[in-house]
Amino acid sequence: MTTNAPPVLILLGPPGAGKGTQARMLEEQFGYVQLSTGDLLRAAVAAGTDAGKAADAVMKAGGLVSDQIVIDILRDRLAEPDCATGVILDGFPRTTVQAKALDALLVESKQRIDSVISLDVDDAAMVTRVAGRYTCASCGEGYHDTFKVPATAGVCDNCGGTDMKRRADDTVEAVGARLEAYHAQTAPLIDYYDGHGVLSRVDAMGQINDVAAALRGLIKSAVPA
Ligand code: AP5
């Protein structure tokens with residue numbers, strides 16, 4: 001492990017906690033690359049790859065895709081050259097098997113996990129957050145019917161795109177299943193990373209910019225300048 005190895009940051013949290021929103025803000029601020037396994041899987045589904053075909057129905061129902069598929073996708077993405085500036089993992093790991101696979105990958109690449117931040121939220125509020133969100137189909141910028149609206153209705157602030165999309169798994173039923181999967185399979189990672197001495201917790205029920213400020217402070221103290 002080298003002290004100047006590219007930083008590895010992990011955002012943990014249930015659906016709607018703000019992992020994607022915060023990861024994109026951190027990407028802009030620190031220059032690290034946001035790696036969202038949800039986005040990688042949705043791209044595989046859209047491309048009709050074997051992994052995408054296997055993942056499609058599981059994702060629509062709100063379950064977790066098999067560890068092996070997700071680990072393979074993440075390993076390939078981590079090997080791409082842009083990840084050399086550092087990465088923010090958004091939605092990975094989600095099981096203990098995935099966490100151990102990540103540990104092994106980082107030993108190979110002589111990296112370490114600099115910080116794991118758990119975004120703590122209320123389950124009930126998450127349904128509102130998730131059901132109200134949409135993204136720009138052109139650039140992926142995220143919005144919400146109430147909490148984050150574009151300056152001009154229907155026009156992306158970031159790229160001017162006008163094609164706004166909602167996710168197929170943002171139904172009340174699927175969000176319920178995703179929350180259950182989080183509590184059963186992902187929440188145990190809070191103790192796992194606490195045991196490794198890299199865990200911090202942030203109250204993510206506040207305003208987006210306040211949560212972002214808390215994350216910035218934690219990352220500045222965790223990652224050597
Ligand atoms: P994934 O795409 O990772 O979805 P998720 O974890 O359910 O998380 P979300 O994207 O729904 O929420 P988020 O925390 O990013 O919140 P966001 O910033 O969008 O995974 C989808 C599926 O893929 C999974 O269900 C599974 O099937 C599969 N999958 C993915 N990774 C996997 C893995 N490792 N293993 C197995 N399967 C895997 O914010 C939500 C909304 O709230 C936005 O509109 C935002 O503007 C708003 N908002 C954000 N922060 C705030 C705030 N502080 N106040 C008010 N509003 C806010």
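Where is the place of Pro-93? Pro-93 sits in the loop between strand S3 (87–90) and H5. Helices (H or I, at least four residues) and strands (E, at least two) are DSSP runs, numbered from the N terminus. The model is predicted: local features need pLDDT of at least 70, side-chain atom pairs count only at pLDDT 80 or more, and totals for chains, interfaces and linings use all residues. Residues are numbered from 1 along each chain as its sequence is written, and side-chain values use heavy atoms, with hydrogens and water left out.

The peptide bond from Phe-92 to Pro-93 is cis, with omega near -5°. Both Phe-92 and Pro-93 line the largest cavity, along with Leu-11, Leu-12, Gly-13, Lys-19, Gly-91, Arg-94 and Thr-186. A cavity is a set of points, on a 1 Å grid over the protein atoms alone, where a 1.4 Å probe fits but cannot get out; lining residues have an atom within 4 Å of a point. The whole structure holds one cavity of 30 Å³ or more. The largest cavity contains about 40 Å³ of space. Volume here is the space filled by probe spheres set on grid points, which are joined across faces, edges and corners. Its lining comprises four nonpolar, three polar and two charged residues. Ala, Val, Leu, Ile, Met, Phe, Trp, Tyr, Cys and Pro count as nonpolar, Asp, Glu, Lys and Arg as charged, and the others, Gly among them, as polar.

The ligand is surrounded by 33 residues, each with a heavy atom within 4 Å of the ligand. Thr-21, Gly-63, Arg-94, Arg-133 and Arg-178 are the closest. A backbone N or O atom of Gly-206 lies 2.8 Å from a ligand nitrogen atom. For Tyr-143, a backbone N or O atom lies 3.1 Å from a ligand oxygen atom. A polar side-chain atom of Arg-129 is 3.4 Å from a nitrogen atom of the ligand. Taken alone, the ligand exposes 1,000 Å², and the protein buries 95% of that. These areas come from the Shrake-Rupley method with a 1.4 Å probe; for residues, only the protein chains shown count as cover. Helix H1 (19–30), helix H2 (37–47) and strand S6 (142–144) are the elements that give two or more residues to the shell. H2 gives the most, with four residues. By class, the shell has 13 nonpolar, twelve polar and eight charged residues.

The second largest pocket has a volume of about 230 Å³. A pocket is an open set of points with protein on both sides within 12 Å along at least five of seven lines. Helix H4 (67–78) and helix H5 (96–108) each supply at least two lining residues. H5 gives the most, with three. The lining has seven nonpolar, two polar and three charged residues.

Lys-110 lies in the loop between H5 and strand S4 (115–120). Lys-110 has a positive phi of about 55° although it is not a glycine. At 49% relative accessibility, Lys-110 is partly exposed (buried means under 20% relative accessible area, exposed over 50%, partly exposed in between; 1.4 Å probe, protein chains only).

Gln-34, in strand S2 (residues 33–36), is buried at 15%. The Gln-34 side chain makes a polar contact with the side chain of Asp-90 (2.8 Å). Such a contact is a pair of N or O atoms within 3.5 Å; within protein, one must be able to donate a hydrogen and the other to accept it, and residues adjacent in sequence count only if both atoms are side-chain atoms. Ile-219, in helix H9 (residues 208–222), is buried at 1%.
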